[in-house]
Amino acid sequence: GDQPVYLPIDSKFPVEAYLRMTDAEQKADAGAAERARRELLNAVKESARTIRDKYIAPPYTTDFAIMYLPIEGLYAEVARKSGLCEQLQREYRVTVAGPTTLGAFLNSLQLGFKTLAIQKRTSEITQLLTKIKGNFNKFADLLEKTKRRLDDASANIEDATKRYYKIDTLLGKADMFSLENAAEAAEKDSGEDHTEHGA
């Protein structure tokens, strides 16, 4: 809905294991360096598990989190371990980022979310246009029916007008007929009156 969805980002720095590894490498102690490296990688895995259990809580958060390793050498060591980053993503839903990759990763996520939002809006617009098209077709049908009714009404008015003129003509003839009859009757009455007086 309108609620924010948070992206968990946790900074982890297993400093002791990292310092032991770099110190052993500087002393050219291969065995100690390898032990420290395994300890470091195990600490990174444990940190990923902690991030998953503590911070990933959909739908309030994304279904993944970012583990930020703030030292470039530390990030490079984790990234160099074959399959480790993929394992952290697969098992713990945690993506590892370093100082040079975090900004680019966040930018790509933002672009991805914007693309999803645009796709969602596009789908809504498509549905709206489909509804508009359906309503427009119904509107066109209604206009056609209205036009037919108006044409019928116009024809009826024309017929009524013609009948009015016919009726008016007939009424005029009827009036003339009535006037002629009235005149004849008046003349007849007048003639009868003269005859009576003469007698």
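In what order do the elements of the protein run from the N terminus on? And which residues of the largest nonpolar core touch the most other members?

Modeller: This is a predicted model, in which local features need pLDDT of at least 70 and side-chain atom pairs count only at pLDDT 80 or more, while totals for chains, interfaces and linings use all residues. Residues are numbered from 1 along each chain as its sequence is written, and side-chain values use heavy atoms, with hydrogens and water left out.

The elements run β-α-α-β-α-α-β-α from the N terminus, giving five helices and three strands. Helices (H or I, at least four residues) and strands (E, at least two) are DSSP runs, numbered from the N terminus. Of the 199 residues, 22% count as buried, that is, under 20% relative accessible area, whereas exposed is over 50% and partly exposed lies in between (1.4 Å probe, protein chains only).

A nonpolar core is a set of buried Ala, Val, Leu, Ile, Met, Phe, Trp, Tyr and Cys residues joined through side-chain atoms within 4.5 Å. The largest one has 22 residues, of which Met-67, Leu-69, Val-78, Leu-88 and Val-96 touch the most other members. Two or more residues each come from α1, α2, β2, α3 (72-80), α4 (84-92) and β3 (94-97). Helix α2 provides the largest share, six residues.

Leu-69 illustrates these surroundings. Neighbours within four places in sequence aside, Leu-69 is in contact (heavy atoms within 4.5 Å) with Lys-12, Leu-74, Tyr-75, Val-78, Val-96, Ala-97, Gly-98 and Pro-99.

Thr-62 is placed in the loop between α2 (30-55) and β2 (65-68). Because its relative accessibility is 9%, Thr-62 counts as buried. With neighbours within four places in sequence set aside, the contacts of Thr-62 are Val-5, Tyr-6, Leu-7, Pro-8, Ile-56 and Phe-113.

For the protein as a whole, 71% of the contacts with a separation of 6 or more are between residues 24 or more positions apart.
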